[in-house]
Amino acid sequence: MSDTPSVLFVCVHNAGRSQMAAGWLRHLAGDRIEVRSAGSAPADHINPVAVEAMREVGIDITDQQPKILTVDAVEASDAVITMGCGDACPIFPGKRYEDWKLDDPAGQGIDAVRAIRDQIKERVGKLTADLLPA
């Protein structure tokens, strides 16, 4: 690992879960962790309900765009956190991999997305504590 650890969040559309996770990590770790997100089949835009749920907690993700998952992004990351992309996520030896089982916010109302947002915050908090020295 480099001096600054890097994390790649991956979900299918890079429009909900991975964008919320990246937003939380940027918020909690600042510039102490490099943050990336991508999708195996990116959507055209971020889920507006995910944007609203994050706005409610003071995190603005409106400047983000869904991005295609690339081998380069995986190779450049110390930790790869997947959220339902299955076999589409490339695996490289020596990387830390975690698969977070989270409901997909696509098509869900704000109450359901808030619950997903809060689950993601808890997991990102643990990940941040694990990656950064005390």
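**Pocket, helix crossing and ring pair**

Guide: In this predicted model, the residues lining the largest pocket divide by class into seven nonpolar, five polar and three charged.

Visitor: What volume does the largest pocket have?

Guide: The volume of the largest pocket comes to about 160 Å³.

Visitor: And which residues lie closest to its centre?

Guide: The lining is made up of 15 residues, and those closest to the centre of the pocket are His 13, Ala 15, Ala 43, Asn 47 and Ala 106.

Visitor: Switching to helices, how do helix 2 and helix 4 cross?

Guide: The axis of helix 2, which covers residues 48–55, and that of helix 4, residues 110–131, come within 9 Å and cross at roughly 60°, and the crossing is right-handed.

Visitor: Which residues make the contact?

Guide: Helix 2 contributes Val 49, Ala 50, Glu 52, Ala 53 and Met 54, while helix 4 contributes Ile 110, Val 113 and Arg 117. Sorted by class, this contact of helix 2 with helix 4 has six nonpolar and two charged residues, with no polar ones.

Visitor: How many aromatic pairs does the structure hold?

Guide: The structure holds one aromatic pair, formed by Phe 9 and Trp 100.

Visitor: Why is that pair called tilted?

Guide: The ring centres of Phe 9 and Trp 100 are 5.9 Å apart and their planes stand at 55°, so the pair counts as tilted; planes under 30 degrees apart would be stacked and those over 60 edge-to-face.

Visitor: Where in the chain are the two?

Guide: Phe 9 belongs to strand 1 (residues 6–11), whereas Trp 100 is in the loop between strand 4 (96–99) and helix 4, so the pair, 91 residues apart, links distant parts of the chain.

Conventions: Residues numbered from 1 in each chain as written. Predicted model: local features only at pLDDT ≥ 70, side-chain atom pairs only at ≥ 80, totals over all residues. Heavy atoms only, no water. 1 Å grid on protein atoms, 1.4 Å probe; cavity = no way out; pocket = protein on both sides within 12 Å on 5 of 7 lines; lining within 4 Å. Points joined across faces, edges and corners; volume = space filled by probe spheres on them. Nonpolar A, V, L, I, M, F, W, Y, C, P; charged D, E, K, R; others polar. Axes fitted to C-alpha atoms, helices over the stretch in contact; angles between N-to-C directions. Helix = DSSP H or I, 4+ residues; strand = E, 2+ residues; numbered from the N terminus. Left-handed = near helix turned anticlockwise from the far one by under 90°. Contact = heavy atoms within 4.5 Å. Phe/Tyr/Trp six-rings, centres within 6.5 Å; stacked < 30°, edge-to-face > 60°.
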